[in-house]
Structures are given as structure tokens and as C-alpha cells.
Amino acid sequence: MNEFQNPTIVLHSHPTGKASIDNFRLEDRPVGELKEGEFLVENNFLSMDPYTRPRLNEYTAYVDPIKLGEAIQGETVGTVIDSRNPNYKVGDYVATFSGWQKYYISSDADFLTKHLPETRLSISLFLTVAGTPGLAAYFGLRKIGKPKRGETLVVSAASGAVGAVAGQLGKMAGCRVVGIAGTQEKCRYVVDVLGFDACINYKEDNLAESIEMFCPDGVDIYFENVGGRVSSIVARYLNEGSRVPICGSASLYDKDKDVDSATLSRFFSSLPSSPENRFFLVTEWMNESPEAVLWLVDAVEKGKIQFRETITEGIENAPTAFINMLQGKHLGKALVHV
């Protein structure tokens, strides 16, 4: 055994309704000795993601649930601090899917562990714009949304890590972009910093009237992140030939212990003039991801894409950061600095 103890957040109990602090437990677990071909990663940042919420349930419809006593799973970025693998040297920066723990032993057999490209920015970028959120926006918009100059794009959860990038990519494509967010502060950020044409506060504004005002020619692309009431109202304004990339359904995560990824697709497909739509995962375009990551890094470094991070300090505070993220108490991407 080496001298490292590994602080790890595990699932203590399955949530009933909204997740709470009591559903999590912090444990110190020993880190074993490295075997030939393995290397030890010290995680620097943990990603807080809405899609983790359904996995806390005892049963799920489209992803494997996390079992009681297991580490909460999620993406991380970190630094190699010990190695018996010639492909990974001490000091290398890597992305892993190690979950909410400080240390992680990996090897070449772990296809989710990969070297990070060089950047002058913080490696947290690879959990935000150049990570899964940015890739979801990049592929969802390009492969399914297929924006054309002059079209109108509406983005739900517009201030979040995915929505913020989707809207900015829409502007690059020449679209009129209207965001939907939950506070006036977020709406100001979406317009003043991200450059959207308008943003609707769905909690305070009349959503239907606002869409009519800001989308006078209807909606050609709806980038779906939330579902629920917002989707049902936006659906009324979808044009003939519209497209709906379905990235998530955050509004459903606390309400149904058996969340089904097909729910929103069934809803949009049932409309009288149904838009082209489908739920997608970024892994569908895994072979194209390295090139997309480099494109996104370059866009950020050149100031073409803006982003924000809400960073919580300490792995022991990861459950609080996660719950705050689910409640919308963050701006941009929610991260934990280990």
C-alpha cells in the first residue's frame, strides 16, 4: 500500500424526489500500489452534471444506476503524479471518468482516460467548452440542428455549460439566437456576455408572449435541455421543417424515478407538424471528438467563445455543489476544485 488515502463521495441512499445532502457520504479509501502499466492521477476538478441525477435513482430507463456505496460517477481532469506506464508521465494532464474522488488509478485499458491537448488556459476548460458540454453543443447543433443563416434558434438553459456554447455557435452560423434562463442575472449574462439577441426569464416573463415578441418569424431550431412546461410552449412556435436536438430533460430528473430519454422525442414527434428531432449522446461522434476539441480550444483562446465557471472548493462540498447546480444556483459550468 502507498501512503495515499482517497477521499471519495459515495451514494448513501437513493433520493425520493429531490436529491439531498443525506443521499451522499464521504469515505476515505486506501489507494493501492501501482501495477505494471498503471498510473496514478490526482484529480484537480470534478464536473457537476445534471445527467448524474437520474443515476442516483434505484432504477433508471436508459443509464445504469449508481449502486449504494459506489463512488458518484462523473468526469474529471487531473495530473499524473506516479506512473508505471511509459505513455503517461508524471506531470501529464489527463481527463478521466473517475468520479467524485481525489485519486484514481488508470491504465491503457481505460479508453475513457486520455491526454489533454495543450492550452494556456486552466485544464478545467476540458470539463466546460472543450469537454462534454461543449461537444454536446457542437455536435447537437451541427449534426441535428443544422443552422442556416437567417434562421431563429431558441436555446433552453441558455446560461448553462451546454446552452451557452450552443447559442454562441448559432450566432457564428448567422442565426438569430434567443435564450431561455431562470433569473434576470442569467438573462443579462446571456445577452451582454454571450451575445444572444434576447433572453427570456421563464420564471418571471410570460413565455408565450415573449417568444412571439423575440421570434417574430417563428422558431427554426430549438436546442432542448430542460423539457417540461418550457418545451410545451416553445413547441407551439416551431416552423415547418424545424429541428430539435434533444440534449437533456433537466426538469424531469427530480420528478420521475424512471426517467426515459425517449419522453421528449415522443412529445415532439406527436406534434401535428412534427419537427426533425432526436435525443443524442456525444459518444455518437467519438471519432470526430479530438478534432472538435481542438476547434473549441482554439475558439476560446481567440475569444470567439465566452464561458463562466462556478467553482466550489473541496471534495467534501461536492454534494452541496451538485444540489446547488440542480437548483440553478450557478452561472455557467458547475465544478468542484478538489
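Modeller: Buried means under 20% relative accessible area, exposed over 50%, and partly exposed in between, using a 1.4 Å probe and protein chains only. This is a predicted model: local features need pLDDT of at least 70, side-chain atom pairs count only at pLDDT 80 or more, and totals for chains, interfaces and linings use all residues. Residues are numbered from 1 along each chain as its sequence is written, and side-chain values use heavy atoms, leaving out hydrogens and water.

Biologist: What does R176 count as at 31% relative accessibility?

Modeller: R176 is found in strand 9, residues 176-181; strands are DSSP runs of E, at least two residues, and helices are runs of H or I, at least four, both numbered from the N terminus. Because its relative accessibility is 31%, R176 counts as partly exposed.

Biologist: Which residue has its backbone oxygen 2.7 Å from a polar atom of the R176 side chain?

Modeller: Leaving aside neighbours within four places in sequence, R176 is in contact (heavy atoms within 4.5 Å) with E151, T152, L153, D197, F214 and P216. The backbone oxygen that lies 2.7 Å from a polar atom of the R176 side chain belongs to F214.

Biologist: Is S289 buried or exposed?

Modeller: S289 lies in helix 8, residues 289-301. Beyond its neighbours within four places in sequence, S289 is in contact with L135, F139 and V282. Its relative accessible area is 13%, so S289 is buried.

Biologist: What percentage of the 338 residues of the protein count as buried?

Modeller: The protein has 9 helices and 15 strands. Its C-alpha trace spans about 65 × 45 × 35 Å along the principal axes. Of the 338 residues, the share that counts as buried is 52%.

Note on methods
Polar contact = N/O pair within 3.5 Å; in protein donor to acceptor, adjacent residues only side chain to side chain.
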